[in-house]
Amino acid sequence: MWTYVIRRTLQAIPTLLVISFLVFSLLYITPGDPVELILGTEDRKITPEQRAIVEAEWGLDKPFFERYVNFLARAIRGDLGTSYATGQDVFDSVMQRMPATLKLMAASMVLSLLISLPLGILAAIKHNSIWDSIATALATVGISLPRFWFGLVLIITFSLKLGWLPSMGSANLDQGLGPFLKFLILPAASLALSMAAVQTRMIRSSMLDVLGQDYVRYARSKGLKERAVLYGHALKNAMIPVITTIGGEIGGLLGGAVVTEQIFSWPGVGRLTVNSITKRDYPMIQGITLLLCFSYLMINLIVDILYGFIDPRIRLSKKD
Amino acid sequence: MNQEEGMNLTPKTGPSPSDEIGIESLPVTSYWADIVRAFTKNKIAVLGLCILTVIVFLCVAAPWFTPYDPVMDMDLSKTLLPPGSEGHPLGTDHLGRDIWCRLLYGGRTSVLTGLSVALLSGFVGVTIGLISGYFGGTLDSLLMRFTDIMLSFPFMVLAIAIVAVLGSKQQNIVLALAIVGWPGFARLTRGQVLAIKSTEYVEAAMVAGFSHFRIIFSHILPNCMGLIIIQATLAVGGAILSAAGLAYLGLGVDAASPEWGMMLSQGKGYLRTATYLTTIPGIAISLTVLAMNWIGDGLRDAFDPKMRK
């Protein structure tokens, strides 16, 4: 088991290196003059002396590769530079916003499972019935709706027309569970939509697959109650492929969170991203991209390791 | 397929093969004809194709269906007219521009973006997948390692970063979405190539001394096309959604030119007073993507022999 964990962890290192290189190059090829951005000079001229000072201070005068190595060395120590716009530490700024984003993602993950599990199982049990068609149709529609548009429709319906829920902002848990959930439900629902749709399809096809297996037929022929067959035998096995895809879907969730946070003024990393883009605060954009990719990789690593614990076939296979 | 060849094995004496009993009862159909037939039997898929055809036609022939210009025809005395107003069937926006007109012209941008992304990422991904799967070895490991790394990016985050850095122009949006889109095609194609490479007809072609080029393009690629077409169909829909998402974040084409995501984004300032500003482009995006997904699902079933029988 431990060899599996170590091997899987080591595999993440080249990926991280390539990601950091791409993220760094992205900033390097940025059109525009970083010195002007740092000094924020619209009308006054920058003297060559000022330019030299700024370039030396930010390490802009060094060749590409040296700058990359410096960047990497600092990034490993958690130093992602300072924001052009606010002068604050990039790492700290992102980390401050991270909990809000993670909360939102976790809530939508739970919500999406609450929707997709019953729907997917129902569609598989009642295969080729009207329920199956309804669930499949709902899933296709869910995949096709733009997430942010669904969010806006939710705001129009539940905040503006019905006045039940707030359309923006957030509350902390210490303000009480009620307000906390009140602010959370609309953004989480809007973010959960497409994931619930994808999962419904996955659970349906995975359940159908498992229900046709010999061990399910055997369990039935033993005279086990249908309920016991479904939940004891079928569902457990059907969930294995579903769990693996959850890791991958987190990537989609991260991207979706950026848009969703913008709609609901949710104080997470997504809002920070959009603000940095408007201000052309490249170190911040760079830091956010790097940290989001890093968290995504780590989550996937954890999912894979857990998966190895659940399914011995994975950790025992020689190839990944 | 090879019923005819089978018939030819019968002794040459007697009636000619075409007179044989059974040749009429076994219709000889080509692979593609089978697929077209299976697809047209799928009502939802055909509906999707009809919807998409109408949408594309309306957008391409936009000037026939609207007297206005999507950018220049502003009328500040007629701003925020609701749908159903005189001369403006879907109303006007905050600058008094006709929404029906902007919807038609905006569709050109959105659909074109979707198609370009699918073509570009498909071309790059399929090329890499073909090379990787066919030649194998170190080249394969390197290419697939890189593909996996690209797949391990949260794609929307990367697309946002690329557009933010390169600037929001339509080419950059297409480029960014293609950069995050090609690895899917590469993985898919490589898997398919590996399966086809071990078939007897490819081995026969290799033994016969055909060039790699000929084997790849006349034996392997045609047999991968099914999966590639399905993936491309779904990619068009996905790209339209992602482009709209980017536009919503302010990373779309410039604010004046019509584009569905941009229209939606501009309408969000009027959620209280003019809901239709967001609902109309939203429905347009959803309907287009839904049609693409129905077509994709229909194609998937049509290409799958298990589903066809």
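What pLDDT does chain A average, and what share of the residues score at least 70? Chain A averages 80, and 91% of the residues reach at least 70. The structure is a predicted model, and its overall scores are ipTM 0.76 and pTM 0.80.

Helix α5 of chain A, residues 90-125, has the highest mean pLDDT among the elements of that chain, at 88. The lowest mean, 66, belongs to helix α13 of chain A, residues 312-316. Chain B averages a pLDDT of 81, with 89% of the residues scoring at least 70. Where pLDDT is low, the predicted coordinates should not be read in detail.

The fold of chain A can be described next. The C-alpha trace of chain A spans about 85 × 55 × 35 Å along its principal axes.

The contact between the chains involves 41 residues from chain A and 39 residues from chain B. The size of an interface is often given as the accessible area lost when the parts come together. Here chain B and chain A bury about 3,500 Å² between them, and 79% of that area is on carbon and sulfur atoms.

Turn now to charged pairs. Side chains of opposite charge can pair when their charged atoms come close. Over all chains the count is seven salt bridges, while between chain B and chain A it is one. A:Arg201 forms a salt bridge with B:Asp297, with the closest N and O atoms 2.6 Å apart. Another salt bridge joins the side chains of B:Arg37 and B:Asp34, at 3.3 Å from N to O. Both of these residues, B:Arg37 and B:Asp34, lie in helix α2 of chain B, residues 31-41. They are three residues apart, about one turn of the helix.

Rolling a probe the size of a water molecule over the atoms shows where empty space is left. The model has five cavities of 30 Å³ or more, and the largest cavity holds about 70 Å³ of space. Its lining consists of B:Asp93, B:His94, B:Ile99, B:Arg102, B:Met263, B:Gln266, B:Gly267, B:Leu277 and B:Pro281. The elements that give two or more residues to this lining are α5 (99-135), α11 (260-267) and α12 (276-303) of chain B. Of these, α11(B) gives the most, with three residues. By class, the lining of the largest cavity has four nonpolar, three polar and two charged residues.

Methods
Residues numbered from 1 in each chain as written. Chains lettered and ligands numbered in written order. Heavy atoms only, no water. pLDDT = per-residue confidence, 0-100. Helix = DSSP H or I, 4+ residues; strand = E, 2+ residues; numbered from the N terminus. 1 Å grid on protein atoms, 1.4 Å probe; cavity = no way out; pocket = protein on both sides within 12 Å on 5 of 7 lines; lining within 4 Å. Points joined across faces, edges and corners; volume = space filled by probe spheres on them. Nonpolar A, V, L, I, M, F, W, Y, C, P; charged D, E, K, R; others polar. Contact = heavy atoms within 4.5 Å. Buried area = accessible area lost by both parts, 1.4 Å probe. Salt bridge = Lys/Arg side-chain N within 4 Å of Asp/Glu carboxyl O.
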